[in-house]
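Q: Please examine one part of this model closely, describing its setting and its contacts. Some context from other parts would also be welcome.

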Amino acid sequence: MLALAALGTSCFASVPVELDLTSPGGMHHVKFYGKKSDSGANVLCYRVDFNGKQVVEESQAGLQLDNRVWEMALGMRSLPQPDLWMDRMEIDSVSYTRHDAEWKPLCGERSRVRDHYNGGTLYLSRKDGSNYRLNVEVRAYDEGIGFRYFFPEHPQAVFHKVTGDLTEYTFPAGTMAWAEQWAQAHFEYLDVNAIKKPVERALTLELPNGVWAALADADVDDWCLTKFVASSDKRNTLASVMYSPVDVVTYYATPWKVIMAADRPGDLLEHNFIIENLNPPCEIADASWIRPGKIMRETTLTNEGAFRTIDFCAEHNIPYMLFDWKWYEPCTSHDGDATKVISRLDMPRIVAYGKEKGVGIWLYVNQHALQKQMRELFPLLHQWGIVGVKSGFVQYASHRWATWLHDMVRYAAENKLMMNIHDEFRPSGFSRTYPNLLTQEGILGNEEFPDATHSTILPFTRMINGAADYTICYFDKRLKNTHAHQLAASVVFYSPLTTIFWYDKPELYHGEPEMEWFENLQTVFDESHVVDGEPGKNVTMARRHGNEWFVGMLANNEGSEEELDLSFLDKDKTYLAYVYTDGGEEIKTATQVKCSYLLVKADETMRFALKPRGGAALRFVPADTQTAKRYKKYKGQTL
């Protein structure tokens, strides 16, 4: 690792003090500076450019506080009360740093992450006898800009009550957003001025100057949910909306605000490791018990069903089985008791059978039981031999519940339990610090049967946040999309814990040959690339695990003609491509997936005619001499 190196100091008081940063490769540029409002108040402003193009025009930054009660309680009763807490803040000085390091995720879309930025801190204070200070910490990465507010320790120990986030984002006129009002919602393509209800992050934006941008956050375990809404008095401007006040004891750092910009939407997803970089390193000393993999739900809640599902998982290389809700009852009431299993399930026998077959058991637990019994329950589940907990219907948006939820993950780690948080919660990089949080929902997933166009929006929006439990369905008759689309989705939507066969039972499988895709599918990768795509149109994702590549191609509701440039493969090798496409009625299986096996090289381009709501999944494995003799070469035909 390279150490931090201080580069700068303060400026003379007679010269306006500004923070001016450019990322190491010169791609992102950010500036923070002060101005006077029409009323004479001090206003903190910033702006962001990408490759010389405006991303965020001059916008307000800062926080609103209401400390009046604590000031009076601590004898500071004569302090002035400006309209905005920031009104009397003055910029004192600025300092600069550089940082370049590399770290290895335990579970990730890439096996190595470079943390390379130019940083700076803007120091502000009030000169009215209040002793209030505020720092703005800024990092300029080639992947984007991160900044947060930091409260130095207050000498009179005044508690800080943050009641509002003044941070705004003013974009060029004509900026469009892929917006959703809650984490499991459908998307709307809206002008930023039309966002009348708060919308989720990550918020992906298409600027009229050709730049793609995204607003996200990082390191949020001690804060509340923040969303975006159109400003009521400034055109082309998004305001920040805090779900609840946040009580602060100084010193204290807020979450990071993240502004990403790129020339193409796929780069936003490829660069989402900026969010991990803005979170603390792993806190788990021995993480050897954290193992990613695939998981299948058992739907009958019977011993017989559990044994059949465990056998199916063992046969098809699925290392985990989940009992979803109702293994204890009532699970949606504080009167439920998650320490007692329903009578028709012999949990010790099931766990023992799973261990014999190499299949770990996960259990769903609702917030009612977690809130009431977590301190008793988690050690007990570990004693039972349970490997993971899927938490359901947890509250997370207020400051109180956000700290509760993240402390739950910490306590799960103390008891060597992996976690999957379901429903509305979205990640902001906490899995870097506590990688036992393998995944979370926060997505309109497959269990609700969204259409194919929705599938092509998600990689460029929700997936910027990080892993998502999309709950892949396969044999269910309610699917709106093709089976090849479902296969491809399992690699497009990254999740270290990948749920497959959500509504399915082992008896629905009838020897479909494409099952080998799921058997060989990996859930963590050494590198990941968005080969092609645009929200609402299509996506092609390529991920490498060891010397194998997995590719998923998703079409929208209309279908598409696609080309796959194989230059990501090793140029010195011949690969056997396992190709899974929608074959139509000529394929005499229930899923109608066509399985093709072709020899390819890195200098070739493969062609596909993806059906409406369709897709294609491909696995590339280096071919030895014997394998090369058994299969035909790809001849440029459309698949």
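A: The account below begins with a single side chain and then turns to a helix and a sheet.

The model is predicted, so local features require pLDDT of at least 70 and side-chain atom pairs count only at pLDDT 80 or more, while totals for chains, interfaces and linings use all residues. Residues are numbered from 1 along each chain as its sequence is written, and side-chain values use heavy atoms, with hydrogens and water left out.

R543 counts as buried because its relative accessibility is 1%; buried means under 20% relative accessible area, exposed over 50% and partly exposed in between, with a 1.4 Å probe and protein chains only.

The side chain of R543 has a polar atom 2.8 Å from the backbone oxygen of V491. The side chain of S528 also forms a polar contact of 2.9 Å with that of R543. A polar contact is a pair of N or O atoms within 3.5 Å; within protein, one must be able to donate a hydrogen and the other to accept it, and residues adjacent in sequence count only if both atoms are side-chain atoms. Leaving aside residues up to four places away in sequence, R543 touches several others, among them E109, Y494, E527, E548 and W549; contact means heavy atoms within 4.5 Å.

Elsewhere, helix α4 (residues 303-315) comprises 13 residues and reaches 18 Å from its first C-alpha to its last, close to the 18 Å expected at 1.5 Å a residue; the expected span is 1.5 Å times one less than the number of residues. Its buried residues include F307, I310 and F312. The buried residues of α4 pack against β22, β23, α5, β24 and α11. Just after α4, N317 has a positive phi of about 60°.

Finally, three strands make an open sheet in the order β6-β11-β19, with antiparallel pairing. β6 and β19 are the edge strands, each pairing on one side only; two strands pair if DSSP finds at least two bridges between them. Strand β6 (residues 63-65) is joined to β11 (residues 160-165) by three bridges, with L65 opposite V162 and Q64 partnered by G164. On β19, V248 is the bridge partner of H160.

Key: Helix = DSSP H or I, 4+ residues; strand = E, 2+ residues; numbered from the N terminus.
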